[in-house]
Amino acid sequence: MKRLLILVLLVPILALTMISCDADMRSNIAGFMGDFGGNVYADAGLIVANTAQAEAAAATIAAIGTGDGAKTVPATGKTEDMGVEVSVPAGTTLLAPQTPAKQQELKDNLGDAFNSETQKKKLLEDLKKPVLAGSDEQKAAQGTVEVFNKTLDKIKADLDNGSADSSELGKTLEKLKLPVIANTDDLTQGDMLALQLMTDLIKNTVTTLTDIGGTLAGATNTELEKPANRDKILSIVDDALFAADMAEQLSGAASIDFTGQIDLGALLEGLDDNKGTRSRGDDIALTDAEDFIGTINDLGPSIVELMGITYDGTSFVYSPAKYKSFLLNQQIYRSSMEQALKMMSLGKLKGTDIVSLNFDTSTLVKYALSVFITEHDAFWKAKSTSGAPTPGSIIALYLNDSAGNKKLGLGTLTKDDVLTQPTGITGFDYADWPAYLKLNAKAYYQAIVGNILKINDFGGIAQLSTEIKKEFYDPDNPSATDGLSEWYDEL
């Protein structure tokens, strides 16, 4: 079938898994899967930059998990701080959901800071500050993730007891689950902010859905579609989009101009002309990828850097702490985007209904990146054995494996280069990747493609949606040409 080349934009990470599949599998899976300049006078030291909002936001964030910003689970071992009652060990500390007034104050400070390049740089530097291991903040972060994930399990169980509509909503909310934080994990102030935003998001969501339906299970499609509940649904969507936007900023993805670096003409031509990569045994040759080599070279180094992988002049070096922070924000970005899209669909909201909606082609690529990163991490957790390298270090191993792979990370590829299978990976085998993907029902991947279409329809390129629907999957006409089913059946 013709290849949809969306994911060739993500070659630096996708090639790692594509390379372990047979030739037919690669042919089908390929279809699935700057900062602005500062103030010149401030930079020259001629004036003192105003960083009041950044400092206010940083001060609020520094207090997260301390004093009134933390809760302790009582001796009963039960807490409903996030909206529903769950059981965790007595004495567990967690971040306290903020009051609506405090949430708005934090959003206002963050919004003002990120709208000014000078303040943005100041705040992002502050958010890199480490949280001390063993500190109250670190313990609260651990407890927050534990309570948060158990809360999502309870929400899903409650919604499963309702209608098919509410059960479907429960599946979406369950995807908000966060990576477990270990005692030895390094955290930053930015990580604490991300956790606070997710804590507030789930508490607000539970409160709003209960208000709409009387109970969580009562929040059916019929109730969510009522005009009287429109503003309530909008509040959930706004919270989710804000969390996604902050995750984008914290991960560094916001600094990459994906749209400006994508050769849209070559992409759309490739969609229709079936151009792409060729397999040679266990290798991937870029013979037919000349039209988008420039795009790969532009985006490759930026994406690699986001993952905490840097080049020291000889080889690529992996930072565990940076990758974990990147993973946390990719999880938050994906799940928040999916919650926003789901609630928009259930509430019958249009893009014009949402002031905070700012989707474009860049959003589509960032969403696809977050899907791959989170799926790859889940695969690693399911299949790795003792002594296996971490996901981030596996990517570094891959980039260092051959001259072609290294050029991919450096952004110097040519059509004559070949990407090779990574070597030296113990305790982990990519041969299990197709079988792992098949563990999810086909509907799982249909939902992902549906999200890509929604994002693109809200602010992307109409022709791109047309090609995806024609060649891969059309939610409105499932009986049409269905490349997704072909891909899924060949897993």
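Predicted model: local features only at pLDDT ≥ 70, side-chain atom pairs only at ≥ 80, totals over all residues.
**Stop 1: helix H11**

Select residues 230–251, and you have helix H11. Check its length first: with 22 residues at 1.5 Å a residue, the helix should span 32 Å, and its end C-alpha atoms are 31 Å apart, which agrees. Now bring the surroundings back into view. Of the 22 residues in H11, 16 are buried, so the helix is largely enclosed by the rest of the structure. What comes just after H11? Click on Gly252, which takes a positive phi of about 95 degrees.

**Stop 2: helices H7 and H9**

Next, select residues 136–160 for H7 and residues 189–213 for H9. Their axes come within 11 Å and cross at roughly 30 degrees. An angle under 35 degrees counts as roughly parallel, so that is what H7 is to H9. The crossing is left-handed.

Show the side chains where the two helices meet. On the H7 side, look for Glu137, Ala141, Thr144, Val145, Phe148, Thr151, Leu152 and Ile155. Facing them from H9 are Met192, Leu195, Met198, Thr199, Ile202 and Val206.

**Stop 3: helices H16 and H20**

Now pick residues 361–383, helix H16, along with residues 442–459, helix H20. Are these two roughly parallel or roughly antiparallel? They pack at an angle of about 160 degrees, with their axes 8 Å apart. That angle makes H16 roughly antiparallel to H20. This crossing is right-handed.

From H16, the contact uses Thr361, Thr363, Leu364, Tyr367, Val371 and Glu375. H20 brings Tyr444, Ile448, Asn451, Ile452, Ile455, Asn456 and Gly459. Colour these by type too, and the contact divides into seven nonpolar residues, five polar and one charged.

**Stop 4: Thr374**

Stay on H16 and zoom in on Thr374. Is this residue buried or exposed? Its relative accessibility is 8%, and since buried means under 20%, Thr374 counts as buried. Leaving out residues up to four places away in sequence, Thr374 touches Gln330, Gln331 and Arg334.

**Stop 5: helix H17**

Finish with residues 391–399, which form helix H17. Eight of its nine residues are buried, so H17 is largely enclosed by the rest of the structure. To see the buried ones, select Pro391, Gly392, Ser393, Ile394, Ile395, Ala396, Tyr398 and Leu399.

Definitions and conventions
Residues numbered from 1 in each chain as written. Heavy atoms only, no water. Helix = DSSP H or I, 4+ residues; strand = E, 2+ residues; numbered from the N terminus. Buried < 20%, exposed > 50% of the residue type's maximum accessible area, 1.4 Å probe, protein only. Contact = heavy atoms within 4.5 Å. Expected span 1.5 Å × (residues − 1). Axes fitted to C-alpha atoms, helices over the stretch in contact; angles between N-to-C directions. Parallel < 35°, antiparallel > 145°, perpendicular 65-115°, else oblique. Left-handed = near helix turned anticlockwise from the far one by under 90°. Nonpolar A, V, L, I, M, F, W, Y, C, P; charged D, E, K, R; others polar.
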